[in-house]
Amino acid sequence: MSRGMTLVELVITIALAAILGVPAGVILSEHLQAALRARDYTVGVQLARAEMEDIDSWNDFFAISSQAAAPVPGFGAYTRQVTVSCLAGNCTNTDTGNQGVKAITVVVTKTGSGDVLATLVSYRTKHVFFGG
Amino acid sequence: MRCVNRNAATLVELVIVIVVSAILFLVTPILVFHGVKTLVFLPKALAANDAATEVLHQVIEGGFSTLTGQPTVRGLRFAVRRSATEPALWLAEASRIGFRTADGQSILLRWDDLVASQEVIRRSLPTPSCTPTIGTEEVLPYHAQGIVRILPTVRLFRYYNQSGVEVNNPPTCPPPATIRRVDIAFTAQTGNGVFDEGDAREDITSSVAIRVP
């Protein structure tokens, strides 16, 4: 009586192991990518907020201007861009009678792939008096 | 008479077995090792991410507190000058910051590295002073102590004026009233933060404007 496995049985066993192993590997890979994406989104949002808070701390309305996309210092894996546009009124006239509103958009992307991680929008006004 | 051994393998079968075995022996250990390392790394990566997010949220926005009599404690976003003699910030150092809020809280946040490999940020409510007497403290976040280490990126807190120029370095007490923004930068990591050792690491930074210094 032969107690060993035939070649056919061995090949079938290997094939079944591969069929079971591939989905497990895919699940593991997706889980890892999800964890890394979570980190990217977390850091991206904080980098965007850091820039927005920086701009918010300035007292000079006219100094707020667009910044070209560039890697964030110390966080080269992330690229940050600031876009400033005059939303209403006159944003360049320094006379107190001239009102103006600037829209500030901060976008953080993954360097290389360009995937958008965070987009923040805020507004700054000059000579605008709110309320009655 | 011709003898036939029906229990032996043919040369072709032997070669096929050798080839298949070689492929398995070469590929399987690498996959298994990588898989095990990933399985060990993943929960630590999530823990580091959670701790980093929670620390920043508590420092900047504030939140629920375990301090006696204080169900919530506000964050740096609510730092405000209460009077001419009570500025928003009463302490501004690289690893400690003390601030006042409009609802009467005086909060101290400090980095504590007293216990090796268990570096954390602690929060308390002492009386404002250049040398505050620290009473009861809570860890931020409480669930990560001993698991995730909070390590400053050179300096945990940096201070900037309204022109974006760094000030108060070296620190003075009381801190200058020109501070308009506080940067927070740290690394949240498990163990040594090396992936090959199955540890996770996350560098993170954020800022908060001090609107009424």
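**A working conversation**

Mentor: Let us begin with one detail of this predicted model: B:Pro174 lies in the loop of chain B between strand E9 (166–167) and E10.

Trainee: What kind of peptide bond runs from B:Cys173 to B:Pro174?

Mentor: That bond is cis, and its omega is near 0 degrees. B:Pro141 has its place in the loop between strand E7 (138–140) and strand E8 (149–160) of chain B.

Trainee: Why point these out?

Mentor: Most peptide bonds are trans, and most residues other than glycine have a negative phi.

Trainee: Is B:Ser117 buried or exposed?

Mentor: B:Ser117 counts as exposed, because it has 10 C-beta neighbours inside 10 Å and the cut-off for exposed is 12 or fewer.

Trainee: And what is phi of B:Val154?

Mentor: B:Val154 has a positive phi of about 70 degrees, although it is not a glycine. B:Val154 is found in strand E8 of chain B. It is exposed, with 9 other C-beta atoms within 10 Å.

Trainee: Let us change topic. How many helices and strands does chain A have?

Mentor: Chain A has one helix and four strands. Read from the N terminus, their order is α-β-β-β-β.

Trainee: What is the radius of gyration of chain A?

Mentor: Chain A has a radius of gyration of 27 Å, whereas a compact globule of 132 residues would have one near 14 Å. Along the principal axes, the C-alpha atoms of chain A fill a box of roughly 105 × 35 × 20 Å.

Trainee: What percentage of chain A is buried?

Mentor: Buried residues account for 22% of the 132 residues in chain A. As for contacts within chain A between residues at least 6 apart in sequence, 50% of them join residues at least 24 apart.

Trainee: Now the two chains together. At what angle do the two H1 helices pack?

Mentor: Helix H1 (residues 7–57) of chain A and helix H1 (residues 11–60) of chain B pack at an angle of about 25 degrees, and their axes are 9 Å apart. H1(A) is therefore roughly parallel to H1(B), since angles under 35 degrees count as such. The crossing of H1(A) and H1(B) is left-handed.

Trainee: Which classes of residue make up the contact of H1(A) with H1(B)?

Mentor: That contact has 14 nonpolar, seven polar and two charged residues.

Trainee: And how many residues does each chain give to the contact between chains?

Mentor: Chain A gives 22 residues and chain B gives 28. On the side of chain B that touches chain A, H1, strand E10 (181–189) and strand E11 (201–209) each supply at least two residues. H1(B) provides the largest share of that side, 13 residues. By class, that side of chain B divides into twelve nonpolar, ten polar and six charged residues.

Note on methods. Residues numbered from 1 in each chain as written. Chains lettered and ligands numbered in written order. Predicted model: local features only at pLDDT ≥ 70, side-chain atom pairs only at ≥ 80, totals over all residues. Rg over C-alpha atoms; globule rule 2.2 N^0.38 Å. Buried ≥ 20, exposed ≤ 12 C-beta atoms within 10 Å, placed from the backbone. Contact = placed C-beta atoms within 7 Å. Axes fitted to C-alpha atoms, helices over the stretch in contact; angles between N-to-C directions. Parallel < 35°, antiparallel > 145°, perpendicular 65-115°, else oblique. Left-handed = near helix turned anticlockwise from the far one by under 90°. Nonpolar A, V, L, I, M, F, W, Y, C, P; charged D, E, K, R; others polar.
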